Amino acid sequence: MKKIIITFIFSASLFISCTELEVTPTSFVTEDNFFKTQDDAVASVNAVYASLSLDPGEQSLFGRNLYFLTDMGSDYAAAGVSATNPQVRAMSSLTHDATNDRVQVAWRQIYNGINRANVSIDNIPKVSGSEVVKTRLINEAKFIRGLLYFQAVRLWGGVPIVLHEPKSIQLESLKSRRETVDAVYNQIISDLKDAENLPPTYASSDAGRATSGAAKAILAKVYLTRKDWPNAILKSKEVINGGYGYALFESFADIFNKTKKNGKEHIFSVQFEPNQAGNGSSGSTFQGTSFTGFTATEPADIISDVALFYDIYEAGDTRRDVSYAKQLLNPSTGTLYTFPKPIFKKYLDLTNLATPGNVAINFPIIRYADILLSLAEAINEQGAPTTEAYELINQVRRRAYGKPINTPDATVDLSGLNQVTFRDALQEERKKEFVQEGQRWYDLVRWGTLVTEVKKVAAKASVTDRNNLYPIPQSERSIDPVGLPQNPLY
C-alpha cells in the first residue's frame, strides 16, 4: 500500500467539534474538511493500518508492545537484565495488576486502531470517487477493526464494542460498557465476513493490504478459538483451496527474510520499513530488544528456560536456529561469537546488526503454516486424526526438517496417533513453529493449559487461573467503574 506509508494520522481529539463555541477549527484537520476525495479516503485507511505499526512516543502495538502480553505473559519468553522497567518485569513474572502500563498501552493502542477504523467507515461513504474503491476501503477498515477486536476479546474477555467515532468530550458520551464475549465475537465475525469481499490480490505497489484470503484466515482462527470445528474447517479449506496461491516457503528462514516480504506464505503481516521508528514514533523494536551487541549483557527479551524451549528441537529441525541464535558472526571482527544464552533471532536483520532502528522485517499476523495446523487441529478435535490431518501437520514438519514439503517422508512424518497423542504432537509443533509470533499465550489459553505449562518455568510460578485474562486497565475503569467491572482476581 505504497508500503503503508502513513499520510494522515487520526486521533480521537481531531474529530471532536467545539459546538458550544460555534467555531470552525483552523489549526487541525476535522472530518468535515478532510473527507472530500478518494485520496482522502485512502489516506484515512492507511492511517488505520498504521495503528498496528506506529505510535508516537511509544513502542508500537505489533512492533513489540503486544509481545509483553502474548509472549512474555506465556511460558517461553521473559524479561532479561536489560529490561529495567518494573512494569515489564511484573509482566514477565505474571505479578502485574490493573495499573500496569504495558496493559494500559495495549488497550489504548487497540482502541486507537478501532477508532481510526470507525472514522474511516463512518466518513468514506460521503467522499467523491469510485463506489467500488470506497467499498473496498471500508472493508479494509472493517478487517483491521475485526482483527483488533479479536485481540481484545481474547486478552480481556467481554470488552466495549465501539462502532462509531466519539462526537462529544462529555464524560457520559465517552463511557462504553463491557459487552458479552459472544457479542464481541458476533461483531468480529460480521466485520470479517464483510472483509471477505476484498480483492484476492493487489498490485505490488499496494502489497500488504488486507485481502479476502486474509479475512477468511482470521475467520478460521476465530472459529478455532470458539471451538466451532465445522466452521474452522470450512474457512481453513477456503483459504487453502481458494486459488490464492498461498504455500509454505521451502525454507523456514525465508519467512523472516526481509527480501521476501509478503511472499506466498504471508497471508497478512504488519509492514515495517527501515527507519520507521524515527520522528518520535516507534515501529519494530524487536531487534534492539533481542540483541544488545556481541556482549554477555542479557538483552531485554530472553528465552525463559533453555532446557524447555531451546533444547527441545530434534536434530535437523531448522526452526531452532531461525528462532534462536546461540552463535552469530561478528562482522567487525570476523569471529563467531557464542552467547551465554540463546537470543531471539527471527527479527534480527543479520545484514545490519549495528543499527537496530533499520530493521525492516515484517511481523506475521497469520501465515499459511498456521492455517495448515489450524485445519489439522479442527479435524482432530472432531474425533480423531484423519489422513488429511496427518498430511497437513506433516507438511509443516517436512519443511522444518528441510525435506520436500509434498513428499511423504517416514523419517519425519507422524502416524499411528490417537486423538490425544495427535493433539499433544500438534501443540508441540505450534510451540516450535511460532516463537515470538504473538501466538503462544493465545494457544495456551484456548487449550486450557496456561497454568500447567507456565508453572514449569520457575520464575513464573506465581501463575494462576486469573492469568487466562488480563486486567481491565484501571485508567479505563476510573472513567466508568460500573460499566467496566474488573476481571476475577485482579
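# Rings, strands and enclosed spaces

Arg 154 lies over the face of Phe 150, at 3.5 Å from the ring centre, and Arg 154 also lies over the face of Tyr 442, at 3.6 Å from that ring centre; a charge counts as over a ring if NZ of Lys or CZ of Arg is within 6 Å of the ring centre and within 35 degrees of the ring normal. This is a predicted model, in which local features need pLDDT of at least 70 and side-chain atom pairs count only at pLDDT 80 or more, whereas totals for chains, interfaces and linings use all residues. Residues are numbered from 1 along each chain as its sequence is written, and side-chain values use heavy atoms, with hydrogens and water left out.

- The structure holds five cavities of 30 Å³ or more, a cavity being a set of points on a 1 Å grid over the protein atoms alone where a 1.4 Å probe fits but cannot get out.
- The largest cavity has a volume of about 160 Å³, taken as the space filled by probe spheres set on grid points that are joined across faces, edges and corners.
- Of the 18 residues that line the largest cavity, those closest to its centre are Gln 151, Arg 154, Ile 365, Gly 438 and Gln 439, where a lining residue has an atom within 4 Å of a point.
- Helix H3, helix H6 (131–156), helix H9 (212–225) and strand S6 each supply at least two residues of the lining of the largest cavity; helices (H or I, at least four residues) and strands (E, at least two) are DSSP runs, numbered from the N terminus.
- The lining of the largest cavity has ten nonpolar, four polar and four charged residues, with Ala, Val, Leu, Ile, Met, Phe, Trp, Tyr, Cys and Pro as nonpolar, Asp, Glu, Lys and Arg as charged, and the others, Gly among them, as polar.

**Strand S6 and its partner**

- Strand S6, which spans residues 363–367, is mostly covered, and five of its five residues are buried, a word that here means under 20% relative accessible area, against over 50% for exposed and values in between for partly exposed (1.4 Å probe, protein chains only).
- Strand S2 (residues 266–270) runs antiparallel to S6 and is joined to it by four bridges, where two strands pair if DSSP finds at least two bridges between them.
- One of the residues concerned is Val 270, whose bridge partner in S6 is Phe 363.
- Phe 272, in the loop between S2 and H11, is buried with a relative accessible area of 1%.
- Although Phe 272 and Ala 47 are 225 residues apart in sequence, their C-alpha atoms are 14 Å apart in space.

**The second largest pocket**

- The second largest pocket holds about 330 Å³ of space, a pocket being an open set with protein on both sides within 12 Å along at least five of seven lines.
- Its lining comprises 20 residues, of which Pro 200, Gly 208, Thr 211, Asn 262 and His 266 are the closest to the centre.
- By class, eight residues of this lining are nonpolar, nine are polar and three are charged.

**Aromatic pairs**

- Across the whole structure there are 29 aromatic pairs, in which rings of Phe, Tyr and Trp (its six-membered ring) have centres within 6.5 Å, with planes under 30 degrees apart called stacked, over 60 edge-to-face and the rest tilted.
- Tyr 76 and Phe 344 form an edge-to-face pair, 6.0 Å centre to centre and with 90 degrees between the planes.
- This pair links distant parts of the chain, 268 residues apart, since Tyr 76 is in the loop between helix H3 (61–70) and strand S1 (77–79), and Phe 344 is in strand S5 (residues 335–344).
- Tyr 76 counts as buried at 4% relative accessibility, and Phe 344 counts as buried at 1%.
- The rings of Phe 294 and Tyr 337 have centres 5.9 Å apart and planes at 75 degrees, so this pair is edge-to-face.
- Because Phe 294 lies in the loop between helix H11 (286–290) and strand S3 (301–303) and Tyr 337 in strand S5, the pair ties together parts 43 residues apart in sequence.
- Phe 294 is partly exposed, at 23% relative accessible area, and Tyr 337 is partly exposed as well, at 22%.
- Ring pairs also join Phe 62, Tyr 67, Phe 68, Phe 252, Phe 256, Phe 286, Tyr 347 and Phe 363 into a cluster.

**Leucines with positive phi**

- Leu 94, in the loop between helix H4 (86–93) and helix H5 (101–123), has a positive phi near 60 degrees and counts as buried at 2% relative accessibility.
- Leu 489, in the segment after helix H19 (474–477), has a positive phi of about 70 degrees and counts as exposed at 66% relative accessibility.
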